[in-house]
Amino acid sequence: MIDKNTHEIRQDEDKTVYKSLEELAEDLPDHSPRYVLLSYPLTMADGRTSVPYVMLYYLPDTCNAAVRMLYAGAKELMRNTSEVGRIFDIESVDDLEQLPTRLASE
């Protein structure tokens, strides 16, 4: 999350490691953006195991314009710092259901 006063990107103190996408969906705030670093194991169509390292850019429609701009401005900095392979834009927790399919299509 980004501290609105200092503009520092820092880890949310609530939880650090999730065991499932459902667990993650429960913790995402309704009105505040988040960056989520995700290493998600999946089995590819040819039987190989893949564990892509990606960033979820969670930007709900309900957050205000100033916060949207703050997170949009720091998106590339977060991407470069975390060295993720790809960014997935997520607008609602329902979008997480499609994530395994999107990851497998890479």
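Is Glu83 buried or exposed? Glu83 is exposed, at a relative accessible area of 66%. Exposed means over 50%, buried under 20%, and partly exposed in between (1.4 Å probe, protein chains only).

## Model and conventions

This is a predicted model: local features need pLDDT of at least 70, side-chain atom pairs count only at pLDDT 80 or more, and totals for chains, interfaces and linings use all residues. Residues are numbered from 1 along each chain as its sequence is written, and side-chain values use heavy atoms, with hydrogens and water left out.

## Fold and dimensions

The chain has three helices and five strands. Their order along the sequence is α-β-β-β-β-α-β-α. Helices (H or I, at least four residues) and strands (E, at least two) are DSSP runs, numbered from the N terminus.

The radius of gyration is 14 Å. A compact globule of 106 residues would have a value near 13 Å, so the chain agrees. The radius is taken over C-alpha atoms, and the globule rule is 2.2 Å times the number of residues to the power 0.38. Along the principal axes, the C-alpha atoms fill a box of roughly 50 × 25 × 25 Å. Buried residues make up 33% of the 106 residues.

## Positive phi

Glu83 is not a glycine, yet its phi is positive, at about 60°. Glu83 sits in the loop between α2 (65-82) and β5 (86-90). His7 also has a positive phi, near 60°. His7 belongs to the segment before α1.

## Salt bridges

Side chains of opposite charge can pair when their charged atoms come close. The structure holds three salt bridges. The criterion is a side-chain nitrogen of Lys or Arg within 4 Å of a carboxyl oxygen of Asp or Glu.

Lys75 and Asp89 meet at 3.1 Å, N to O. Lys75 lies in helix α2 and Asp89 in strand β5, so this pair ties together parts that are 14 residues apart in sequence. Lys75 counts as buried at 19%, whereas Asp89 is partly exposed at 44%. Arg10 pairs with Asp3 at 3.5 Å. Arg10 is partly exposed at 27%; Asp3 is buried at 18%. Asp46 bridges to Arg48, with the closest N and O atoms 2.8 Å apart. Asp46 is exposed at 54%.

## Negative patch

Glu22, Glu26, Asp27, Asp94 and Glu97 form a patch of negative charge on the surface. Patch members have over 30% relative accessible area and no salt bridge, and like charges are joined within 9 Å. Glu22 is found in helix α1 (residues 21-27). Its relative accessible area is 55%, so Glu22 is exposed.

How values were computed:
Patch = residues over 30% accessible without salt bridge, like charges linked within 9 Å, V, L, I, M, F, W, Y side chains within 5 Å. Areas by Shrake-Rupley, 256 points an atom, 1.4 Å probe, with all protein chains shown as cover. Lys, Arg positive; Asp, Glu negative; His and termini not counted. Charge placed at Lys NZ, Arg CZ, Asp CG, Glu CD.
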